[in-house]
Structures are given as C-alpha cells and as structure tokens.
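Student: I would like to learn how to read the features of a model like this one. Can we take them one at a time?

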Amino acid sequence: MNENLKNIKKLNVSKPLLLDCKQTIKDFPLAYETYGKLNKNKDNAVLVFHALTGDQFVSGINPITKREGWWISAVGPNKAIDTNKYFVVCANVIGGCMGSWGPKEIDKKTNEAYGLNFPVITIRDMVKAQETLLDHLGIKKLLCATGGSMGGMQLLQFCATFPNKTFSAIPIACSTSHSAQNIALNELARQAIMADPIWDKGRYFKKNVQPKNGLAVARMVGHISYLSEKGMQEKFGRKLQEKSDYEFSFDADFQVESYLRHQGYSFVERFDANSILYITRAMDYFDLSKQFNGGLVEAFKNQKTKFLVISFSSDWLYTTKENKDTVIALNASGADVSFAEIKTDKGHDSFLVDETEFLKTLKGFLDSMHLKFKNEKRI
Amino acid sequence: MKKEFKVIADLLPNDVRVLDVGCGDGSLMNLLIKEKNIRVRGLELVEENVKKCIYKGLSVIEGNAETELHQFPSQSFDFVILSQTLQAFYNPEKVLKDLLRIGKSVIISIPNFGYWKVRTSLLFFGKMPITKNLPNNWYNTPNLHMCTIKDMYDFCLSKNIKINKIIGINENKISKIYRSNLEIKNLFSKIGIFQLS
C-alpha cells in the first residue's frame, strides 16, 4: 500500500505552518486529487473537504483501494457536481493516511513512523494546510467549497480563517462545534482502538501490524451513528443472516451484526488506527466560537460568501437544530445564507448516498452560483 | 397576485435590504432584484418552494416564521415583507411585533374579509365565503385569523403601530386608503397593503 502511495499527486508544502499546538511544521506532503479541468477564466473551481474516514479520491475509482470514490454519488461527469463543467479539488487532511502528512509517515528525526509522536492537530491546522493547494493550482477564488460532516466543519473553518476565498459555500450536516454526544462517540472509537493490545501505545507499525479488532469496533460505532433508527429498522429489522433460526452462539445471527462486522473489518484494510485517534481528536477540539472568544458572529463577519447550509431530518449526529444554529450565526453576522432540510430516513450518511432531493438541491445551488460568479467576474 | 407584487415593489426604494417572510417560490424576490436591485432574503416554510428559490440562486432559509424569526437581528433589514400570511399564524400579534423589530419598516398584505363579495356571500348564502383570494373551505383553510382592512387599521392604532400608508387593490383599481375613505375602500378592496413602522 505504501508503494502505491508514491504514485499519487502530492504537494510538498514548503511554507512553515504554525500548528495550534504551537509546533511549526514545514516541508510536509499534502496528497490531493483533481477532477475536470480548470477553465481559462478560473471560475469553475470547487474545493471538497472530506469527512473523518474519507480521502482525496472523491470520484472515479480510488487507485489505492480500487473502490469507487467516496462521493461518487455527487461528483463526476453529469453528476450534481459535474466534472465536465467544474474543476473539483480534494486534499487528504493532515493527520490522515492517504499520502498526506500523518502519524504513519516517517519522522525524519527518528527514521520511523511518527505514531504518537505525531502532534495533535486541529481542524484549523488541516484547513491551513489545504489552503496552500489553491496557490499551487493557481486558483485565486473558488467558485464553491463544500463538505459534509467533518468536511463541513473544515469548510466553516476555512470561511472563518480565509474570508472570501470562495464565492459560495455548502456546509452539509455539520456544526460549529462538536457536541458532548459526538465527543462521547469519538471517545468510544478511540477507547476501542487503545484497548486492543496490538495497538501498543501507537507503536504497532514497528511490527508491521494493525490493531484490527479495535479499529473495526471503532468503525462499527461510527456506522451506527451514521444511520437512523428508522433506516436501520427498515434495512435490517430482525432479519437473520443466511439462516432460518438462531444458532445459540455469538456468531453474527442477525443481518445487522453481519453488516457491522463487514463494515468494521473491511475498513481496517484501508485506514490507519492512529489516524482515527488524531482526526477524531481534531473534531472534538473544533469549536469556532471558542476561537473567536465566544462570538460566532465574529467568526463570520464581513463574509461575502454565499452560504447554503443543508441538514438531513433523520441525522442525529449533526442534527437539523445544530445546522440551524450555524444558519442563525451566519444570519446574525449579516452573511448571505440559505438553508434547506432534506427529509430522509437515511440519517447522517444521506450526503454520501444517492439521495435525489439532496443531489438536486446541490446541483441547483451550484449551477446558479456559477452563473452569478461568472457575471461578477465579468464586471 | 402580480398586481400585489407590483404595488409592493413600487413602495420600495432602490438598493435597500429586504426580508421576504413566506417568500413562496421567490417570484417577488426575483422582481425586487431585477427592478430595484434590492438585496433580498427569504424565509419559507414549504420545502418545495425553498428548493425552487435555491435553484434560482435566491437566498432563502427553510423555516417557520411563527417560531424562527428570532434568528434575525433587530433592525437588520430596511423592509420586511409579509404577503397574505399574517392571518395564518397562531399568534399574528407576536409575529407582527417581531417583523417590526427586524425591519425598519414592515409591509404586510391581507386578504380583505370586508370585501363586498365576501360580505354578500355570508349574508345571502349563509355560508363561509370562497373566493379567488380565499379558496379554501372552512375546515381546511390555513387562515385562522381573518380580518378586514378596517380591523387591521384599528389594530395598528390600538397597538401604537405607525401606519405610513395603506393601499387597496381590486380588479380594476389600486387606490390609496385614508381614514376618510376607509369605510368605502374596506368594502371594495380585495387586498389591503399596509406599510407600518
């Protein structure tokens, strides 16, 4: 897998970056991917921020995992974010494990992987690192930036830290700070990893192994939180997994168990356990109002960016209320903001699946913003 | 409907900030942007309408004016518009107070229950009136608090709400309403438009 990672697009960020933990880093890799072409007027660039377990491979086939890109439902030729028309850019977050600077990268000082010597990074650090990519690609102002879940949190941070770098923004199913429930769920994931003896305080890479059991449980926790109660009941109910009756054992009798096990154990093939620790921590630390001394209004002041906040009715991880709080803050600071709640049973995962109403809204907004941005550029 | 929007547009100066509460599919918002270069935002309850606005590139927030007006800061808009919806709220008085808080000026329109066709319908047929402006039956109408232009006039006086202008609309005419012609206009206007502050 590491061999393959050498053949993907990477930017070496030479500019020093002061992390929130006060450590300065420079000359670090930022892996990214692009889709479509940047047009002559450079008015068609769309930046996508990925979520916790995502990566830069938004569309097409991920060259490392050989699976479809994580947002193939929304991004690609003739999709809502049409790559025939738009130039889509996505970078792997720092702390991640798809080629960007993260805990499994080699620390030049010790000549071995960082493991827990990797600094605790924040959403702001991730965003600052990714912003360097715009210069590299020659993009002065984005047409749109978007992202769901942690991607949406990065987007809100991006707008607060780099005001007016994007003409429009679509934060999806996210919030301006992590709730107690979300921190608790992340802690559950971390504890599962750390309870696996293979984890060995993050030094498992020395033996070239992964704490698979812990990481798989961490993923299962996540998966439960991405679905809705109703969606889960409809999909699985009490259906049994390829059997007609209980087996009076602890094997996966129920389909829902089998599903979780499958999701958990296929995840360990593509993700690094330490990365989960670092990225979930960054999410927990995220609190925009704290950054701006308690004032969210301050975070979004003087915004010319046109926002569309989207929430999903059955999302209990980032509820409609939390998304509306973002809208209220944007409103209070005088920003141009739209808001739509998509009625669906598909829970937090709605933005990743083929949810027609969501995709139509995404497309409608983006296309109308493109017209406006072109006109603005002409003037 | 078009006539009403035209009257509302004519009441507004160019380049102001407007909040359109219950903006529907964004027809009025579009008109205000095109004709008056107005910076307009909408609040709309119906999901389908919200999407129509978004596709048109209009700024719209999905939400209920009855419960969600608090999100708009005081005096953050030059004008707040509420077109033919006041009568549908549980608590129109509270909503109107909120509108007056948010906008420096408020424009509301009401379907006039004092219109002669409405009056005759009840008088001669003894049934709740069904007209173009009031198309529903008594059991499925969203209108909880029907009133007349005169009722609204009295209401504003009793609540110390300043009436800057009243305009009456019917098929043939758009006319200004004053205290002196209130009785007659209340009989012949289908819709009343009030500019308040």
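Tutor: Begin with helix 6 (residues 116-125) of chain B, which lies largely in the open because the number buried is one of its 10 residues. A residue is buried if 20 or more other C-beta atoms lie within 10 Å of its own, exposed if 12 or fewer, and partly exposed in between, with C-beta atoms placed from the backbone. Helices (H or I, at least four residues) and strands (E, at least two) are DSSP runs, numbered from the N terminus. After helix 6 of chain B comes G126(B), with a positive phi near 65 degrees.

Student: What should I know about the model and its numbering?

Tutor: This is a predicted model, in which local features need pLDDT of at least 70 and side-chain atom pairs count only at pLDDT 80 or more, while totals for chains, interfaces and linings use all residues. Residues are numbered from 1 along each chain as its sequence is written, and chains are lettered from A and ligands numbered from 1 in the order in which they are written.

Student: Into which domains is chain A divided?

Tutor: Domain bounds come from an automatic or database domain assignment. In chain A, domain 1 covers 4-179 + 288-378 and domain 2 covers 183-278. Taken over C-alpha atoms, the centres of domain 1 of chain A and domain 2 of chain A are 26 Å apart. Their contact takes 23 residues from domain 1 of chain A and 18 residues from domain 2 of chain A; two residues are in contact if their C-beta atoms, placed from the backbone, lie within 7 Å. On the domain 1 side of chain A, the residues that touch domain 2 of chain A are nine nonpolar, 10 polar and four charged. Here Ala, Val, Leu, Ile, Met, Phe, Trp, Tyr, Cys and Pro count as nonpolar, Asp, Glu, Lys and Arg as charged, and the others, Gly among them, as polar.

Student: At what angle do helix 3 and helix 7 of chain A pack?

Tutor: Axes are lines fitted to C-alpha atoms, for helices over the stretch in contact, and angles run from 0 to 180 degrees between N-to-C directions. For helix 3 (residues 180-195) of chain A and helix 7 (residues 273-285) of chain A the angle is about 160 degrees, and the axes are 10 Å apart. Helix 3 of chain A is therefore roughly antiparallel to helix 7 of chain A. Angles under 35 degrees count as roughly parallel, over 145 as roughly antiparallel, 65 to 115 as roughly perpendicular and the rest as oblique.

Student: How is the handedness of a crossing defined?

Tutor: A crossing is left-handed if the near helix is turned anticlockwise from the far one by less than a right angle, and right-handed if clockwise. Helix 3 of chain A passes helix 7 of chain A in a left-handed crossing. By class, the residues of this contact are seven nonpolar, two polar and two charged.

Student: Which way do helix 4 and helix 6 of chain A cross?

Tutor: Their crossing is right-handed. Helix 4 (residues 212-226) of chain A packs on helix 6 of chain A at an angle of about 125 degrees, with the axes 8 Å apart, and the two are therefore oblique to each other.

Student: Is G264(A) buried or exposed?

Tutor: G264(A) counts as buried because it has 21 C-beta neighbours inside 10 Å. Its place is in helix 6 (residues 255-267) of chain A. Leaving aside neighbours within four places in sequence, G264(A) is in contact with A216(A), V217(A), R219(A) and M220(A).

Student: How does S175(B) count?

Tutor: S175(B) counts as partly exposed because it has 16 C-beta neighbours inside 10 Å. S175(B) is in strand 7 (residues 174-176) of chain B. Leaving aside neighbours within four places in sequence, its contacts are G168(B) and K185(B).

Student: How many residues does each chain give to the contact between chain A and chain B?

Tutor: Chain B gives 14 residues and chain A gives 21 residues. Helix 3 (47-55) of chain B gives the most to the chain B side, with five residues. Helix 11 (residues 356-378) of chain A packs on helix 3 of chain B at an angle of about 30 degrees, with the axes 7 Å apart. That makes helix 11 of chain A roughly parallel to helix 3 of chain B.
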